[in-house]
Amino acid sequence: MERVLVRKVSDLNAAVAEALDFLGYDFAGKRVWVKPNLLSPHPPEHSVTTDPEIIRNVVRGLRARGAKDIWVADNPGGGLQRNVSSYIAPTGAVEASEGCFRSISETPVTIPTKSRFVSEFRVSRIVTEVDIVLSLPVFKTHALTLLTGAIKNLFGIIPGAQKSYLHTVVKSSDEFAELLVDIYQAVPVPVLTVMDGLRGMDGQNGPSGGRVLGLGTILAARNPVALDSVMAMMTGVRPTAIPTTRIAAERGLGPADPAEIDVTGDFAVIPGFKLPSTRVAAMASGIAGSFVYRMIQRRPLCDKKICTRCRRCADNCPATAITMSPYPVIDRRKCIMCYCCAELCPEKAMTVPGPMRGLIQNITGR
Ligand code: SF4
Ligand code: SF4
C-alpha cells in the first residue's frame, strides 16, 4: 500500500516539514537534487512554476535534516539557456534557493533506457551525482498530457533542445506519455515528490496559460505514480484516465487503483476542475479509434492582438513548423501538435483550441 499526504496549508513552514517527514527518508549526509518546475520566466502568481516559498522551506527543511549537499536546479523549456539563473529570475526560485541554486544545462551525460523510441537519454549530469531527487511539480493541467504531475516533472532532467527532439520521435500524446514514463524509469536514483498545490492551474491552456486556482494544498509521496493517482482523483477523474499514470501502473511502477493507496490528510475533489478538452480527444481515441482522434487534434492558434512577435514559439518549435510573417504562421503539414509553442509563449498569445475547432481545421485544412 503506497501512502500519499494531502495537506491544506495554513502554515507553509509546518506543512512542508510535515511533508518531508511523511516521505520517511533519512536525508542526513545525502546529496539531494531539489527539482522544481521552472518551465519559463513567469512570476509565482501565474502558477506556472513552483512557488518560491515552497522551495525556500524545502531547502531549510533539508538543511535541518542534515542533508550533505542540496542543489536546486531545473532545465527550463525551450532551447539551451546559457544563464539560467538570470532567465528564470522572475520565478523567485534563485533567491528562494538560499545559495543552493545550480545551473545544470551544460555538460549532459547519457543514461541507458529500454524505451522503444530512443536508445539513451541525454540528461543533466546532476542526476548521476546525487543520492535522491526531491521533485517539486506544480498541480496543473497540460494540453498534451492532461495533467502534469510527478512523472511529467522529470522531463526537466533533459536539457535544452533534447526536449524538443524527443517531441519529434513520438507520434501521439499517448506515445509522448509512454516516453515520459521511460524517462522516469531511466532515472538512476529514487524520486520523492512534494507537489505545489498552493495555487494550481486548470483548463485548456495549461501548463502555462490556464486558469489559476487557489487550492491552498500540498501533496507528498514516496511513489510518484501514487501521487499522480491522487492528483487525478482530486480533479474528479480515474487515475487511469491520465496516460502517464495508466502506463506507469501497467508497468508495475506504482498504483493507479484507489484501493491500493492510503491517502492521509485533507483529500477532497476540487469542485469544477476543468481538464483540457484533449480529455475528450483521448476518450474519443479509446472509443472510436485513431481516425476520430486524428480528426479532432488541434493546431495552436496565435492571437495577434496579444502576440509581441518575440519569435520564442518559432525558435523553439521542434518541427520548425512556424515562420514569422510578421506574426507566427504554422505550417499544418509540419506541425506535430506537441504544443511547445503554447507552453513557451510568454504572453499566452498562442493557445490550444477545443476539439470542435480541430475538426474544422482538419476538414477545411485551415
Ligand atoms: S505567439 Fe507568443 S511566443 Fe510566439 S511570437 Fe507571439 S508572443 Fe512570441
Ligand atoms: S507549431 Fe507548435 S504545436 Fe506545432 S510542432 Fe511547432 S511547437 Fe509543436
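In this tour, Ala, Val, Leu, Ile, Met, Phe, Trp, Tyr, Cys and Pro count as nonpolar, Asp, Glu, Lys and Arg count as charged, and the other residues, Gly among them, count as polar. The model on the screen is a predicted one.

**Stop 1: the two ligands**

Select ligand 1 and display the residues around it. The shell of ligand 1 holds 13 residues, and the closest are Cys 307, Cys 310, Arg 312, Cys 313 and Cys 345. Sorted by class, this shell around ligand 1 contains eight nonpolar, one polar and four charged residues.

Now select ligand 2. Here 14 residues form the surroundings, with Cys 317, Ala 319, Cys 335, Cys 338 and Cys 341 as the closest. Which classes of residue make up the shell around ligand 2? The shell has 14 nonpolar residues, no polar residues and no charged residues.

**Stop 2: the two domains**

Colour residues 2-265 as domain 1 and residues 278-364 as domain 2. The C-alpha centres of the two domains are 25 Å apart. Where the domains meet, 18 residues of domain 1 are in contact with 19 residues of domain 2. On the domain 1 side, helix α5 (residues 161-168) gives the most, with four residues. The residues on that side of domain 1 comprise six nonpolar, twelve polar and no charged.

**Stop 3: the largest nonpolar core**

Next, select Val 34, Val 58, Leu 219, Val 230 and Cys 341. These residues touch the most other members of the largest nonpolar core, which has 106 residues. The core lies between domain 1 and domain 2, because both domains give residues to it. In soluble globular proteins, nonpolar side chains tend to be buried together.

Centre the view on Val 58. Neighbours within four places in sequence aside, Val 58 is in contact with Val 16, Val 34, Leu 134, Leu 136 and Val 194.

Move on to Leu 219, which belongs to strand β11 (residues 217-221). Is Leu 219 buried or exposed? Leu 219 has 29 other C-beta atoms within 10 Å, and therefore it is buried; the cut-off for a buried residue is 20 or more. When residues up to four places away in sequence are not counted, Leu 219 touches Val 4, Leu 5, Val 6, Met 195, Gly 197, Leu 227, Val 230 and Met 231. Select Lys 8 as well: Leu 219 and Lys 8 are 211 residues apart along the chain, yet their C-alpha atoms are separated by 8.9 Å.

**Stop 4: a covered helix**

Select helix α8 (residues 243-250), in which seven of the eight residues are buried. The buried residues are Pro 243, Thr 244, Thr 245, Arg 246, Ile 247, Ala 248 and Ala 249. Their cover includes α6 (173-186) and α7 (224-234). After α8 comes Gly 252, with a positive phi near 75 degrees.

**Stop 5: a strand with two faces**

Show the side chains of strand β5 (residues 120-123). Strand β4 (residues 109-112) pairs with β5 in the antiparallel sense over four bridges. Within this pair, Thr 110 stands opposite Arg 122.

**Stop 6**

Most residues other than glycine have a negative phi, and most peptide bonds are trans. The following selections depart from this pattern.

- Gly 206 and Pro 207 are joined by a cis peptide bond with an omega of about 15 degrees. Pro 207 sits in the loop between β9 (191-202) and β10 (211-212).
- Ser 325 and Pro 326 are also joined by a cis peptide bond, with an omega of about -15 degrees. Pro 326 sits in the loop between β14 (322-324) and β15 (328-330).
- Ser 47, which is not a glycine, has a positive phi of about 60 degrees. This serine, Ser 47, is in the loop between β2 (31-36) and α2 (52-64), and it counts as buried because it has 28 C-beta neighbours inside 10 Å.
- Leu 146 has a positive phi near 70 degrees. Leu 146 is part of strand β8 (residues 146-148) and, with 27 C-beta neighbours inside 10 Å, counts as buried.

Key
Residues are numbered from 1 along each chain as its sequence is written. Chains are lettered from A and ligands numbered from 1 in the order in which they are written. This is a predicted model: local features need pLDDT of at least 70, side-chain atom pairs count only at pLDDT 80 or more; totals for chains, interfaces and linings use all residues. Domain bounds come from an automatic or database domain assignment. Two residues are in contact if their C-beta atoms, placed from the backbone, lie within 7 Å. A residue is near a molecule or strand if its C-beta atom, placed from the backbone, lies within 6 Å of it. A nonpolar core is a set of buried Ala, Val, Leu, Ile, Met, Phe, Trp, Tyr and Cys residues joined through C-beta atoms within 7 Å. A residue is buried if 20 or more other C-beta atoms lie within 10 Å of its own, exposed if 12 or fewer, and partly exposed in between; C-beta atoms are placed from the backbone. Two strands pair if DSSP finds at least two bridges between them.
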